[in-house]
Amino acid sequence: MSAPETELQRNHDEAVLELQEVSVLYSGKPAVKKVSCQIYKNKITAIIGPSGCGKSTLLRSLNRMNDFVDGVSIEGRLMFAGQDLYGKDVDPVEVRRHIGMVFQKPNPFPKSIYNNIAWGPSINGYTGSMDELVERSLSQAALWDEVKDRLHDSALNLSGGQQQRLCIARALAMEPQVLLMDEPCSALDPISTAHIEDLMFELKSRYTIVIVTHNMQQAARISDYTAFMEMGHLIEFGETDQIFTRPNVKRTEEYVTGRFG
Amino acid sequence: MAFVSETEIRNLQKRHRKSRLFRRLCAGITWLSIALLAVLLIRIGMDGIGWLDWQFLNSFPSRFPSRAGIKSALVGTLWMSVLVAVISIPIGVSAALYLEEFAGRGRLARFIELNIANLSGVPSIVYGILGLAIFVRFFMLERSLISGALTMSLLILPTIIIASREAIRTVPQSIRYAALSLGATRWQTTWSHVLPASFPGIMTGVILALSRAIGETAPLIMIGALSFVAFLPQGPMDSFTALPIQIYNWVSRPQPEFHELAAAGIIVLLVVLLLMNAAAIYIRNKTERRLK
C-alpha cells in the first residue's frame, strides 16, 4: 500500500474527499477496516472487490446513508471541504444534500417523472424555475428526449434503464458535489448499461463520481482511479491503468486477471 | 408408467388420497360456515323485512311497535362513527408512524408494541368500564356522545395502529432511501412518500376498525347510552343511543313484534356496515390505481 503513493504524488488532481483510516463497524464487528484514500475532483473512482468485501458499506458511509442501519458506527475521519463528515456539528441531512446517491436497483418515487425530479429541490428550498431545472437535469441524464412529451406520466411506466437514468437525473437536480453510485448497472441490460456508462463520461466534467461495481471491465472502461478492496481492507488504490496493467500487490493482480473472486 | 415401481405407485396413491381428503375437509368447513351465516341472514330478513319502511327509519322509539322506529339510533350511530373517526384516525396513524419510522428497535418500542398487541385482545366490556370511570365520571363528560366516542376510540386504537403499521411496513425501504439521499429529513420522507404509499392500506384498516366500533354494544351499555331516546343529539355533549343498543333493547322485550323490529334494526345495521366496507374497498382501489 505504500508503493502507489509515489505514483499518486505525480498527478495534480484535486482531492474532494479524503478518507483517513476510516473503519465501519456493524455492532462492533468491522466491515471496513482503516481505509485511507482520496477521491479526486471531476474524476471517476471505481471501488471493486469480491462480494462482501465492504465496498458498498464504504460507499454508503460517504454520504452517511449508514446512519439508517442499526448498530453502525464509524471510526476515523472523512474529510469533505475541510470538515469531518462525522463531526459533531455536521447535519447528516446537509451531507446528503451535497453528496448524492444512485442505488443498485432503480428506485423512482411512485409519482410522475416531473415530480420525481422536482421533489428534492423543492423540499430544499429551491426558488428558481422548476421547469428549467427539470429539463436541465433530465438532459444531463440523457433522458430528456425520451420523456419530454410525457413528463406527467408515472415514472413507474419507464423501462429499467430509463428509471435508472431518472434516478441519476433526480440526484443531479440537487447539484451535488459528489455522486455516489452503488452498482448502478447491475439490474440493467447491456444496452442500458452502455447508456449509463456513456452518461458517466459526460457527467465527470461537472461532477465527481464514485462507483461501486462488480464488473471489472466496467471499472476498467470508465474509471480514472480504482480502489481494490478485500475483506474490509483497501488492498490497493491507484490510477485505473496502473491497477489493471501493473498492480503493485499480488492479490490485486490475481483479482483483476480473474484468478479468484 | 413403466418408470415407476409398484410400491411407488401405491405410496403415491395414498398421498394423493390424503391430499384430496384434506381439500374436501377445508371446503366442507368453509361451506358450513357460509351456510350458517346464510340461515342467520335469511331468518333475520324474513322477520324484519316487513317492518322496513320509511316510517321505521324516520320514527323515534315508541312503546307501540307499529309506531316505533330507529331514527334516533341511526343518527346516534352516524354521530358516533364520525366522532370516532375524527378522534382515532389521527392518533392511531400518528402512533403507527412513530413506531415504524421514528422509534427504532429499542426496548421501549418493543414494550409498547407488545402492549398494543395485548390491548387489541382485551374484551370490549373492559373498555366500557374504563370509559365509565375516566370519561363519564372523572372528566365529567356525562353519558354523552363524546364519552361513547372516546371509549370506542380507545377500543379500536390498537386495531388501527396494528393495521397502519402493517401498511407502512409494505412501503419499500428503497423509497425511503431515495428520499433521504436527496437531503430530506425523516419527516419529509414520511409525509411525502411513506404516508401516500401506505394510504390505501391504512384506510382499509381504519374503516374495518370503524365498522367494529359501530357494531359494538357492551361498552355503550357500560357507559350508559340510553335506550329510549325521543330526540336527536344536537352536539357531542348530548346523550344518545345507537343501533346496537336499540336492537338489544327490542330483543329483550317480551312482545314478538319487538323481536321483528329488532330484526329490521339488524338489517339496517348490516347495510351500514356493508356500505362502510364497500367504501373501504373503493377508496383502496382508487388510491392504489393512482399510485401505479
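## Briefing on a predicted two-chain model

A:Tyr40, A:Tyr225 and A:Phe237 form one aromatic cluster. The model is predicted, so local features need pLDDT of at least 70 and side-chain atom pairs count only at pLDDT 80 or more, while totals for chains, interfaces and linings use all residues. Residues are numbered from 1 along each chain as its sequence is written, chains are lettered from A and ligands numbered from 1 in the order in which they are written, and side-chain values use heavy atoms, with hydrogens and water left out.

**Aromatic rings**

- Over all chains, the structure holds 10 aromatic pairs. Rings of Phe, Tyr and Trp (its six-membered ring) pair if their centres lie within 6.5 Å; planes under 30 degrees apart count as stacked, over 60 as edge-to-face and the rest as tilted.
- One of these pairs is A:Tyr40 with A:Tyr225, which is tilted because the planes stand at 35°, with the ring centres 4.7 Å apart.
- A:Tyr40 belongs to strand β2 (residues 29–40) of chain A and A:Tyr225 to strand β9 (residues 225–230) of chain A, so the pair ties together parts that are 185 residues apart in sequence. Helices (H or I, at least four residues) and strands (E, at least two) are DSSP runs, numbered from the N terminus.
- A:Tyr40 is buried at a relative accessible area of 5%, and A:Tyr225 is buried at 2%. Buried means under 20% relative accessible area, exposed over 50%, and partly exposed in between (1.4 Å probe, protein chains only).
- In chain B, the rings of B:Phe135 and B:Phe139 are stacked, since their planes are at 25°; their centres are 6.5 Å apart.
- B:Phe135 counts as buried at 11% relative accessibility, whereas B:Phe139 counts as partly exposed at 49%.

**Charges over rings**

- A:Arg170 lies over the face of A:Phe109, 4.5 Å from the ring centre. A charge sits over a ring if NZ of Lys or CZ of Arg is within 6 Å of the ring centre and within 35 degrees of the ring normal.
- B:Arg253 lies over the face of B:Phe258, at 4.4 Å from the ring centre.

**Salt bridges**

- There are 18 salt bridges over all chains. A salt bridge is a side-chain nitrogen of Lys or Arg within 4 Å of a carboxyl oxygen of Asp or Glu.
- A:Arg165 forms one with A:Glu146, and the closest N and O atoms are 2.8 Å apart.
- A:Arg165 is in helix α7 (residues 160–172) of chain A and A:Glu146 in helix α6 (residues 144–147) of chain A, so this pair ties together parts that are 19 residues apart in sequence.
- A:Arg165 is buried at 5% relative accessibility, while A:Glu146 is partly exposed at 34%.
- B:Arg10 and B:Glu6 meet in a salt bridge of 3.8 Å, N to O. These two residues are four apart in helix α1 (residues 6–48) of chain B, so about one helical turn separates them. B:Glu6 counts as exposed, at 57% relative accessibility.
- B:Arg186 and B:Glu101 also meet in a salt bridge of 3.8 Å, N to O. This pair links distant parts of the chain, with B:Arg186 in helix α8 (residues 186–215) of chain B and B:Glu101 in helix α3 (residues 71–102) of chain B, 85 residues apart.
- B:Arg186 is partly exposed at 30% relative accessible area, and B:Glu101 is buried at 6%.
- A:Glu230, A:Lys250, A:Arg251 and A:Glu254 are joined into one network by salt bridges that share partners.

**Cysteines**

- The whole structure contains zero disulfides over all chains. A disulfide is a pair of cysteine sulfur atoms within 2.5 Å.
- A:Cys53 is in no disulfide, and its nearest cysteine sulfur, that of A:Cys37, is 13 Å away. A:Cys53 is buried at 2% relative accessibility.
- A:Cys167 is in no disulfide either, with the nearest cysteine sulfur, that of A:Cys185, 12 Å away. A:Cys167 is buried at 3% relative accessibility.

**A buried glutamine in chain B**

- B:Gln246 is in helix α10 (residues 243–251) of chain B and is buried, with a relative accessible area of 1%.
- Apart from neighbours within four places in sequence, B:Gln246 is in contact (heavy atoms within 4.5 Å) with B:Pro61, B:Ile70, B:Ala73, B:Ser227 and B:Thr241.

**Interface of the two chains**

- 24 residues of chain A are in contact with 19 residues of chain B.
- Chain A and chain B bury about 1,800 Å² between them, 66% of it on carbon and sulfur atoms. Buried area is the accessible area (1.4 Å probe) that two parts lose on being put together, summed over both.
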